[in-house]
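Please open the model in a viewer and keep the sequence panel at hand. The stops below are meant to be selected in the order given.

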Amino acid sequence: MKKSQFTPEELQGMPQLEAVVDELCAPESYEAVYHQSLHGAPMPSTEALAEVVERLKAALFPGYYGPARVVLQSMRYHLSANLDSIYRLLSEQIRRGGCFICAEFANDCTSCERYSHETAMRFLQRLPEIRRVLATDVRAAFEGDPAAKSPGETIFCYPSITAMIHHRIAHELYRLDVPIIPRIISEMAHSKTGIDIHPGAQIGEEFFIDHGTGVVVGETCIIGRGCRLYQGVTLGALSFPKDGDGKLVKGTPRHPILEDNVTVYAGATVLGRITIGTGTIIGGNVWVTHDVPAGSKLAQARSSVAESSDKMVANGRR
Ligand SMILES: CC(=O)OC[C@H](N)C(=O)O
């Protein structure tokens with residue numbers, strides 16, 4: 001007889017494992033956390049979407065991303081093959097996103113196949129405009145940072161450009177009402193850069209976030225052209241209104257509007273549906289919850305100088 005592969009101790013554990021399985025299979029345990037795929041569509045794949053974004057980066061910035069040796073004579077061939085792959089991969093992910101939301105809300109999604117191909121194509125048709133706007137972000141990064149030695153350095157190295165590539169892709173998919181995929185793409189950039197921009201945020205041309213870590217830009221923000229943020233800036237909501245049933249009201253405009261050429265320095269927090277007028281400069285760590293007229297300069301109170309460093313230490317010890 002063949003010897004059991006399990007030790008006596010392992011076999012003794014089996015009934016206990018079975019009890020765990022029983023509990024996890026009870027409807028009251030899984031109901032709130034179980035996703036049933038619809039029409040054979042599993043959840044969107046983060047791996048496939050990462051490939052879509054990498055391929056889009058190669059299409060938008062040839063030579064910087066994707067095949068390193070792109071020459072002008074071969075660009076059409078690289079691009080055509082790449083766009084063909086993106087079209088197929090993205091259609092499938094859009095289909096999965098559509099089926100995901102239908103499963104969540106028990107909708108009927110019989111046209112998901114046609115919807116996903118049409119939507120992927122409409123997105124691809126926006127690529128030339130996405131590239132045009134991203135080129136203005138690159139210019140803003142190069143012209144806005146004395147430490148940047150060339151526009152190419154910002155394309156290849158700057159978290160702001162990584163975040164904006166993801167954002168401008170995600171925002172177009174969001175505008176096309178694609179469920180969940182835009183958010184997955186935004187969160188990829190968030191993990192990579194520490195910059196958290198909701199795909200719904202409307203951001204004008206020539207946008208630059210210097211350094212970037214800890215920046216948060218909320219869903220209903222509207223940002224004009226030529227704005228600049230530094231690390232740790234929050235453009236957030238001030239309150240969370242609830243409906244008669246005590247449920248959070250979703251989707252209402254609740255984040256700031258920054259008019260053109262606004263600069264917000266490190267650590268500042270700007271909250272609520274307020275308007276920050278053109279050309280305003282908000283200093284580091286300032287907290288703003290009211291409208292600000294154009295051309296304002298907001299600064300934190302100056303920190304006072306201690307009488308002497310000896311005294312500071314002595315006071316600290318007492
Ligand atoms: C950025 C921010 O305000 O976050 C709070 C919340 N997620 C909201 O969107 O309102």
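**Before starting**

The model is predicted, so local features need pLDDT of at least 70 and side-chain atom pairs count only at pLDDT 80 or more, while totals for chains, interfaces and linings use all residues. Residues are numbered from 1 along each chain as its sequence is written, and side-chain values use heavy atoms, with hydrogens and water left out. Helices (H or I, at least four residues) and strands (E, at least two) are DSSP runs numbered from the N terminus.

**Stop 1**

Two packed helices are described by the angle between their axes and the distance between the axes. Axes here are lines fitted to C-alpha atoms, for helices over the stretch in contact, and angles run from 0 to 180 degrees between N-to-C directions. Angles under 35 degrees count as roughly parallel, over 145 as roughly antiparallel, 65 to 115 as roughly perpendicular and the rest as oblique.

Select helix H3 (residues 46-60) together with helix H9 (residues 181-193); their axes come within 10 Å and cross at roughly 75°. H3 and H9 are therefore roughly perpendicular to each other. To see the contact (heavy atoms within 4.5 Å), display Thr46, Leu49, Ala50, Val53 and Glu54 on H3, and Ile181, Ile184, Ile185, Met188 and Lys192 on H9. Sorted by class, this contact has seven nonpolar, one polar and two charged residues. In this scheme Ala, Val, Leu, Ile, Met, Phe, Trp, Tyr, Cys and Pro count as nonpolar, Asp, Glu, Lys and Arg as charged, and the others, Gly among them, as polar.

**Stop 2: H8 against H9**

From H8, the contact takes in Pro159, Thr162, Ala163, His166, Ile169, Ala170, Leu173 and Tyr174. Facing them from H9 are Ile181, Pro182, Ile185, Ser186, Met188, Ala189, Lys192 and Thr193. The contact of H8 with H9 comprises eleven nonpolar, four polar and one charged residues by class.

**Stop 3: the cavity**

How many cavities of 30 Å³ or more does the structure hold? There is one. A cavity is a set of points, on a 1 Å grid over the protein atoms alone, where a 1.4 Å probe fits but cannot get out, and lining residues have an atom within 4 Å of a point. Grid points are joined across faces, edges and corners, and a volume is the space filled by probe spheres set on the points.

The largest cavity holds about 40 Å³ of space. Select its lining: Ala163, His166, His167, Ser186, Ala189, Ile195 and Ile197. Helix H8 (159-175) and H9 are the elements that give two or more residues to this lining, and H8 gives the most, with three. By class, the lining has four nonpolar, three polar and no charged residues.

**Stop 4: the loop between H8 and H9**

Move to Asp177, in the loop between H8 and H9. Asp177 has a positive phi of about 60° although it is not a glycine. With 62% relative accessibility, Asp177 counts as exposed; buried means under 20% relative accessible area, exposed over 50%, and partly exposed in between (1.4 Å probe, protein chains only).

Ile180 lies in the loop between H8 and H9, and its phi is near 60°, a positive value in a residue other than glycine. Ile180 is partly exposed, at a relative accessible area of 26%.

**Stop 5: Pro146**

Next, select Pro146 in the loop between H6 and helix H7 (151-157). Pro146 is exposed, with a relative accessible area of 82%.

**Stop 6**

Beyond its neighbours within four places in sequence, Asp137 is in contact with Ile161, Met164, Arg168, Gly204, Glu205, Glu206 and Phe207.

Finish at Ala201, in the loop between strand S1 (196-197) and strand S2 (202-203). Ala201 counts as buried at 0% relative accessibility. Setting aside neighbours within four places in sequence, the contacts of Ala201 are His167, His171, Val217, Gly218, Glu219 and Cys221.

Note on methods:
On a 1 Å grid over the protein atoms alone, a cavity is a set of points where a 1.4 Å probe fits but cannot get out, and a pocket is an open set with protein on both sides within 12 Å along at least five of seven lines; lining residues have an atom within 4 Å of a point.
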